[in-house]
Structures are given as C-alpha cells and as structure tokens.
Amino acid sequence: MVKFSKQFEGQLVPEWKHAFVDYCLLKKDLKRMQHALLGQHEHRKSLTSTQASQSSLSQWLLHKLPNLFGSNAPKDHGVIQVHRKLTGSASRGGDVYETELLEQFADDTDAAREFFARLDAQLNKVNQFYKGKEEEFLQRGQSLRKQMDILADLKAAREDPSVSCSTTSGSEDESTRYVMTSATDTDQNELETILNKDPGGTAEEDQPATTPQDLEGSGTFLRPAPEPKNLGRLASSCQRKSLKINIPLTTPSRTISALTDILWDDLVSQNSKKCNPDGSVGKQSINKTKLRHAEKMIKGAFVELYKGLGYLATYRNLNMMAFVKILKKFEKVSGKQVLSVYLKVVETSYFNSSDEALKLMDEVEDIFVRNFAGDNRRKAMKYLKPAQRKESHTVTFFTGLMTGCFAALFMGYCVMAHTAGMYTAAPRRRAGSGDSVYMETVYPVLSMFGLLFLHLLLYGCNMVAWRMCRVNYGFIFESSPTGGELRPRDVFLVCAASMAAVAAVVFAHLALVLRGYHASPHVQAIPGILLLVFLLLLFCPFNFVYRSSRFQFLRILRNIVLSPLYKVVMVDFFMADQLCSQVPMLRSLEYVACYYISGSYRTQEYGYCINTKHIRDLAYAVSFLPYYWRAMQCARRWFDEGDTNHLVNLGKYVSAMLAAGAKVAYEKDKSLASLSLLVAVSSTATVYQLYWDFVKDWGLLQANSKNPWLRNELILKRKSIYYLSMGLNLVLRLAWLQAVIHPNFGSLDSRVTSFFLAALEVIRRGHWNFYRLENEHLNNAGKFRAVKTVPLPFHEVNED
C-alpha cells in the first residue's frame, strides 16, 4: 500500500506546492516529540526511589487509561482549545487560528505546543491561499459571463441586422447598444497588445495593458449606438466609449490576417467612420472570422477556468486528508484524543466550508453545455473533464514481441555484415563486391534511424524515471490526457516496432547485396523506400498509430522551424534542445534526401552529394539550423517577457554555432591556425554550456545551499548521484576533442566511430533531460502556470 505522504506528493499541483500543508515537516515535529517522550520514559525508568516509581506509575496511568477505555473517556476531552481570532478582514478567510494546550499535557507540553503552533500556521496558510485563489476564479467567471453576453449579442446582430447588439453591465442592470467601426478610426498606426505574457508562455486574462514589444491582432470596435431620441448627438455619442475585439497574434496566419484587415480598413475608412442612425449593426460590419476566433478564445477560457476549479477542489481535498492523517499520528504518538476537537475547527474553516468555487464549477458546466456543446453534456465533459486512457497489457505484449524480433534480426545482420567485412576500414573490404556502394547508401539510413530511436528509447526511460520520482512531466509539457501524451509503454512499443522494421529491411537488403544485386537500382532504392514509408506514416491523416501524438509532434516541429513567429512554450524549446543533439541525424537525412532526389542511386554516384559545393554548403547550414532555431526562440521569449536571461541563453547557442563553424574550417584546412581557433572557440563554448547546464537548467552549484554545491530541494536521496552526473556531463561535453585527437579504434570504419560519438551526445541529452525536468518540477524554473490565463477578446476602451 502506498504511503499517504507519497500519494500526497504525487497528486499535488506543482505550482501550488508551497501552499499545501507541509505534511513532511509536521511528521518531523512528531518524530522529535516521540523522541522526547521516549527520553522521558527512559528517565522515569532510571529512577530508583519508591516515590519516583509511584509517581511514574500514576503518570503512566493518567496517559494510558484513556486509551484503554476508548476515545469517549471524559478526561481526554478538552486537552486543547482552538481560538479563532478575527483579523482586519471581515471575511472568514482572514481568520487566524491559535491552539491552547490545557492542563492535561504534562512533560511533553513544549513539544506539543510547538507542533500545534506549526499546525495552526499551516491551517492559516491554507485558508489564506484558498480564499485568494477562489476570489481570482470568481473574478474570471464574472468576466467570462460578460464576454458570453457580448458574443451572443454579436451573433444575433450578424444573423439579423435589424437586431441591435446589447451587453449587460456587471454593476448595473442596463443594456448598451453597440455599432461596429474600424480600429483605424481611432489610430491606424498603433497596434496595442492584449497579451501581458507570463514567462511560462501564457497570457494574463483580464489585463488589457499594452507593452511595446507585443502586437495585437484585429482592430474591430463596437461603439455604443445613440438612442433614437438623441440623433442630434450622434457624433459625440459614438466617440465616448467603445468596445474593442482583440485577437492575439500568436500565429503567423493571424498576423497576416490582422495586417490585411488594417489595409482593408484604410481603403474603406470613409464608409466605416459613420454610425448607423438607428443603432443597428450591418452584417458587413461584423467579421465572421473574428467572431469565430473570439468564440474559440472564450471557449478556451472556460476550459481553463474549469480546470483551475478542479485543481482548487483537489487542493481542498488533499489538505483535508493531510490534516486528518497528521492528527491521527499525533494521537498515536502522544496518547491524547485531539482529532475530534481540532478536526471540527478544520471542517468549519474557510477552505473546507466555502462553496463558492463549487457553485461556479456547476455554472461553468451549464454554460459550456448550452453554448459550446449543443446541450450535449457528454460532449461538453470531453472538453472540461477528459477521461484518462487506460493502460493495456496488449501494448506490453507487443513491446516484448517486437523487442525479440529486433534482437534476432539485428544479431543476424551483425553476423552477416561482419562476415562480409562491411564495417571494417576501407583497405580490408573485398574489391568489386559492392561494399563501398553499400556503405555509402545504407550507412546514412542506419545512422539516422539508430540515433533517432536511441533518443526515443532514452525518452521512454526518462518518463519511467520521472514517474518513479513523481515528476509531473505531463503537466509541465501541457500534454492532453485524452491521447496527446504517449505513455512509457507506448514509447517503448513505437521504438521496438520501428527498429524491428528497420532491422528486417536492412537485413533483406544486405542479403540481396551479398547475392550480387548491389548494382540494381531497385535494390538500391530499398533504404529510400523505407524512409518514405516512415514519413508517410508520420503525416498520415487517418486515425491510427497514435494520430494525436503524431500531429502534436508535427505542430511542435512547425513552431520550431518557424521560430520566432510562434509564441514559445515549454515543450517547444525542450524539443528544440533535443534537435541540438541530433545534428548528425539531420546531416544523414540531408544526405539521403540528396542521394535519392538527385537520382544518384541509379548511377551509384554517391560522391555527387559529398563533393558538390552547393550541396556541401547546404550540409553545413543543416549543422547550424538547430542552434539557430533555439537562438530565435530565446529572442522571442526575451521579446515577449523582457527577461535578459533569455539573451544570455541566446549567447550560448551563438557560441555553439561559432564552435561548429570553427570545426568546419578546421576540416577544410588542417593548419595550426585553424586548430588554435577550434580549440579556443570550442573551449569557450563548452565552459558557457556547462555553466548553463549546471546553474540554470539543473539549478545546481548553489553556494548557500543546505546540500553543498547542489540545491536546497532534491528528489534523489543520494547526493553523490548529482556530483557524478555533473562529472559525466562534463566528460560528454568534451566529445568535440575527437576532432583534434583523431582517435583510432582499430579496423573500424571512421563512420562507425563517428556514429558512436554521435550516440554519446544523444545519451548526454537523455541524461540532461532528467535533471532539467526535476529542476522544473521543484523550482518552477520556467515559471509555468497551473492554470493558463486565456486572453479575452472583448475589451472596453474609453475615448474621452
């Protein structure tokens, strides 16, 4: 059975970790109290006088008799008294609780007083946090009600131009009719922002404040239309107040659409400056695309609000269970019956007795069912409360089956390749056997798939390690529980099945080559067909083979390639970091694409994709691309958040690009000057990267930490593992020295040596991943949010 402390740590919300009851600290207080009681008991036993023995016996009876006769014994009632003190706040959430120990506590009074002081502090902390979060969610709920009213009026006005658009004010029971005009009527040169972005890549919901570095999409205004009796004051009425539709420019398509709208508004500005005399809104004034975007934003805001209310309910239940468990442990240690007294106070405290959040949760469900699910409650709950996918033992079975198939095929391939001398140095290959052609065509494919699936295997191992250490990686990556998140067994199945397929194809291909068919274009096309099948499967639109995960992966790649046009979130820059360790895989992919697109596989002129200048330059550019993408992501995050640390991180990737360029220069011209430049630039980049790995990404090397040169909070119990991990990361970071030393591994082909060195970099990245997520989970290094605040589309603007 899992201990409650482990269950408690596994279910708490990482961002709110410090607001939960500190159950471990309270357990430590109880252990100190238990040691104090044991010491007192030993002291009583050491007394030799009869009077001391009689006193000890009577005191023991006072402590133990209540337990013998049950918890209803009258002497144990009233051992504590909890006082509620009113603070300056009139609401119950501002109350402060303080426990008084009565005369029933004897020798253990000091330890018990310390424990209850800590317990009172935890109760007050929970009440204060719960009240603050509840008020925040209630404000969001009120804002969303107004947004829904405006959206409903706009839809009605678009369907029927004779119906005026009205919204209800939050403080007054009045309706204001709006007509829509262009954003360029007020200021066609100013693009304000609606996104006050947080560092985790989310936006503040109810803050229409602007910052110079942010942009804003559409610029559509809704102006209050004048009453018919005030037609003479039409112009002044149209300019006092307006309601603006703000669509954030989070994607390139929205940016282009916003710029197009501005240009169009410039062309028709003369017609759009006039308000309709009857206060109506014409169909042409309400943009259908903007309404669809606004509806999507409001829908996402409701989903996030409901998710936040669910987290708040979990916060409430877990803390209630923690109080019950710790009070039971106190009774077991001290022998005092305090559960019924203190628990009654906890049950009537604000965090457990307030039902405002529960009412709002029910209201959100009803609104979502009516407006976004067509009165279909089951459909609505798929969005609001998605069900977790169930684990299947079939996945485990096929994982084992595919692993066995891969092992058998790979061993057979190794034996066949060793017999033919395929992977030995070039002088030892048989002349005229087609070995050189085989190595030039098959080796890049094997290298590409080998590095890719090694990385995938390590990611599955990372997921297992994160689960064992209760790192909430799914929450950090914002994975969808309905299928967007691959589980460890799914990752292992994909990896095993893919590698088994690759091993089967290359085994068959090698068998055909050894039979003398190496000159056949059809045989040489087999590795290319294998790559094409994998690409078609990746882009396949049909719902099989983890479609949601495949599409999520493609969306992440799109965001990376189009950096800095897309807003950067945690999963985007985490994946971009993985690509920085897969430069050899990308170069192999570029070579294979060149080999088959250029038709070299027909003529077996594999030197075309190696010696041609423009293709060789393209290969060098591919080496720089991952670092460039990551640098652009850092630039976008600095642009959005204004944190200079992102500029410093950008410098790290620039230094990596300079080191790669120095390596290319040394490969072309192996002079002393090139070697000196390579050593100097690569050494600087390595020191830069190591500092960022240890201090920023892992959060280690803190001088004032209670764990010497580590950090205050650690997941792994053995501190030595962290020191060994830093040493291992240092050694693997120095893999670039192989370009200087040129190690010789006997008769192995140089490309095989390069593959093993590339595999070491992939292993380093898998090792780095664990500590990166551990630091994110413990310290919220990326400042991710438990509940994303979705920007709302409608904002009132005063134009006096």
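This is a predicted model: local features need pLDDT of at least 70, side-chain atom pairs count only at pLDDT 80 or more; totals for chains, interfaces and linings use all residues.
**Chat about helices, salt bridges and surface patches**

Me: Is α30 mostly covered or mostly open?
Reply: Mostly covered, with 21 of its 30 residues buried.

Me: And what happens just after α30?
Reply: Asn 780 comes there, and it takes a positive phi of about 50 degrees.

Me: Which side chains meet Arg 764 in a salt bridge?
Reply: The side chain of Glu 761 does, at 3.0 Å, N to O. Arg 764 and Glu 761 are three residues apart in helix α30, so about one helical turn separates them.

Me: Arg 764 itself, buried or exposed?
Reply: Buried, because its relative accessibility is 0%.

Me: OK, zooming out. How many salt bridges does the structure hold?
Reply: There are 22. Some share partners: Asp 29, Arg 32, Glu 114 and Arg 118 are joined into one network that way.

Me: What about Asp 640, where is its partner?
Reply: Its partner is Arg 636, with the side chains meeting in a salt bridge at 2.8 Å, N to O. They sit four residues apart in helix α25 (residues 613-641), so the separation is about one helical turn. Asp 640 and Arg 636 are both buried.

Me: Which salt bridge does Arg 733 make?
Reply: Arg 733 meets Asp 693, again side chain to side chain, at 2.9 Å, N to O. That pair links distant parts of the chain, since Arg 733 is in helix α28 and Asp 693 in helix α27, 40 residues apart. Arg 733 and Asp 693 are both buried.

Me: Switching to the surface. Which residues gather in the patch of positive charge?
Reply: Lys 3, Lys 6, Lys 28, Lys 31, Lys 325, Lys 328, Lys 329, Lys 332, Arg 470, Lys 706, Lys 717 and Lys 719.

Me: Where is Lys 719 found?
Reply: In the loop between α27 (672-697) and α28 (720-733). Lys 719 has a relative accessible area of 36%, so it counts as partly exposed.

Me: Now the nonpolar side of things. What makes up the nonpolar surface patch?
Reply: Leu 537, Phe 542, Phe 544 and Val 545 make it, and the patch is about 360 Å². Phe 544 is in the loop between α19 (526-539) and α20 (547-561).

Me: Why does Phe 544 count as partly exposed?
Reply: Because its relative accessibility is 39%, and buried means under 20% while exposed means over 50%.

Me: Last one: where is Tyr 608 found?
Reply: In helix α24, which covers residues 608-611. Tyr 608 counts as partly exposed because its relative accessibility is 37%.

How values were computed. Residues are numbered from 1 along each chain as its sequence is written. Side-chain values use heavy atoms; hydrogens and water are left out. Patches are made of residues with over 30% relative accessible area and no salt bridge: like charges are joined within 9 Å, nonpolar side chains (Val, Leu, Ile, Met, Phe, Trp, Tyr) within 5 Å. Accessible areas come from the Shrake-Rupley method with a 1.4 Å probe; for residues, only the protein chains shown count as cover. A salt bridge is a side-chain nitrogen of Lys or Arg within 4 Å of a carboxyl oxygen of Asp or Glu. Lys and Arg count as positive and Asp and Glu as negative; His and the chain ends are not counted. The place of a charge is taken as NZ of Lys, CZ of Arg, CG of Asp or CD of Glu. Helices (H or I, at least four residues) and strands (E, at least two) are DSSP runs, numbered from the N terminus. Buried means under 20% relative accessible area, exposed over 50%, partly exposed in between (1.4 Å probe, protein chains only).
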